Amino acid sequence: MIDPVILQQGSDWRAQAEVFDEIFFVFLALGTLVGTIVVAYTLWNVYKYRDDGNRSDEEFDAPVVGELPTGQGGPKAKKLFLSFGLSAIVVISLVVYAYGLLLYVEDGPDTGDEGDIEIMVEGYQYGWAYEYPNGHTERGELIVPADQRIDLNITSRDVWHNFGSSDLRIKSDAIPGDHSETWFAVSSEDVEAQGGEATYRVECFELCGPGHSQMKSQITVLPQDEWEEWYAGTGNSSASANVQTPGAGVTAPSGVSA
Ligand SMILES: [Cu+2]
């Protein structure tokens with residue numbers, strides 16, 4: 001099939017948001033183009049074959065219901081196969097193209113595992129807890145470095161939740177006893193554009209109880225060096241790791257001590 005690597009030219013990888021925006025644009029542009037051609041051609045034929053009273057009934061070669069136009073290679077058959085062929089080319093190209101991008105969105109860029117960070121995400125009524133590879137846990141705010149692939153391993157402590165961030169175009173089930181995976185990456189350009197610290201809203205996308213609408217969280221992306229400094233300071237101090245308090249929807253993000 002299509003090697004996702006070809007999608008990673010230029011910068012090392014593409015954010016999911018970029019991929020989805022591109023798919024949206026391609027389908028919108030193509031849909032507009034095809035729609036314009038079809039409607040224009042239809043209107044042209046309505047005009048061309050209008051009843052102007054000059055054509056006798058015998059001349060008119062009306063289509064017969066239930067019969068394909070024969071034509072024996074004549075104009076009708078040609079038009080039929082031309083339109084069928086063009087449609088097939090467009091549809092098959094779109095399927096191959098979209099499927100290649102889908103594979104990329106699901107698997108993510110191949111970064112050779114170096115520097116990938118896997119974070120355990122646990123949903124609970126009503127909030128999100130994050131556990132880093134060094135055991136540090138954070139609640140309410142996920143702090144990650146820019147230019148790095150972040151793998152999320154998502155589960156739930158109690159009922160069904162759904163972890164998602166619209167801005168990052170990620171969304172994944174959080175189901176007790178099960179683990180689902182997704183990834184994201186934010187470029188340092190995006191972090192720079194947001195003033196040195198990029199933030200993205202996280203919400204629960206599965207109705208999970210009366211506190212569902214309060215089940216918000218935040219992803220904060222820091223420049224790599226700042227993040228490393230912060231991460232080194234986390235050690236095994238899990239001061240904010242007390243995730244037992246039920247009903248505490250939004251927790252104040254523990255400040256980034258850089
Ligand atoms: Cu929820």
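**Chat about a predicted model**

Me: What order do the elements come in, from the N terminus on?
Reply: This is a predicted model, and its elements run α-α-β-β-β-β-β-β-β-β-α-β-β-α. That makes four helices and 10 strands in the chain.

Me: Where does UniProt put the transmembrane region feature?
Reply: The unreviewed UniProt entry places "transmembrane region" at residues 23-47 and 80-105.

Me: And what's the chain doing over 23-47, helix or strand?
Reply: Residues 23-47 are 100% helix and 0% strand.

Me: How far apart are the end C-alpha atoms over 80-105?
Reply: For residues 80-105 the figure is 37 Å, and that stretch is also 100% helix with 0% strand.

Me: OK, new topic. How much of the chain counts as buried?
Reply: 22% of its 258 residues.

Me: Which residues have the most contacts inside the largest nonpolar core?
Reply: Val144, Phe184, Val186, Ile219 and Val221, in a core of 29 residues.

Me: Which strands supply at least two residues of this core?
Reply: Quite a list: strand 1 (117-124), strand 2 (127-131), strand 4 (141-145), strand 5 (150-156), strand 7 (170-174), strand 8 (180-184), strand 9 (198-204) and strand 10 (216-222).

Me: Back to valine 144. What is it in contact with, leaving aside neighbours within four places in sequence?
Reply: Valine 144 touches Ile117, Ile150, Ile219, Val221 and Trp227. Ile219 and Val221 are also among the residues with the most contacts inside the core.

Me: What about contacts across the chain, how many join residues at least 24 apart?
Reply: 70%, counting contacts between residues at least 6 apart in sequence.

Me: Now the backbone. Where's the cis peptide bond?
Reply: Between glutamine 125 and tyrosine 126, with omega at about 0°. Tyrosine 126 lies in the loop between strand 1 and strand 2.

Me: What's the phi of aspartate 147?
Reply: Positive, about 60°, although aspartate 147 isn't a glycine. You'll find it in the loop between strand 4 and strand 5.

Me: Why does aspartate 147 count as partly exposed?
Reply: Because it has 18 C-beta neighbours inside 10 Å, and a residue needs 20 or more to be buried and 12 or fewer to be exposed.

Me: And arginine 169, where is that?
Reply: Arginine 169 is in the loop between strand 6 (161-165) and strand 7. Its phi is positive too, about 55°, and it isn't a glycine either. With 16 C-beta neighbours inside 10 Å, arginine 169 counts as partly exposed.

How values were computed:
Residues are numbered from 1 along each chain as its sequence is written. This is a predicted model: local features need pLDDT of at least 70, side-chain atom pairs count only at pLDDT 80 or more; totals for chains, interfaces and linings use all residues. UniProt positions are given in the numbering used here, feature names are shortened, and annotations may be inferred rather than shown by experiment. Two residues are in contact if their C-beta atoms, placed from the backbone, lie within 7 Å. A nonpolar core is a set of buried Ala, Val, Leu, Ile, Met, Phe, Trp, Tyr and Cys residues joined through C-beta atoms within 7 Å.
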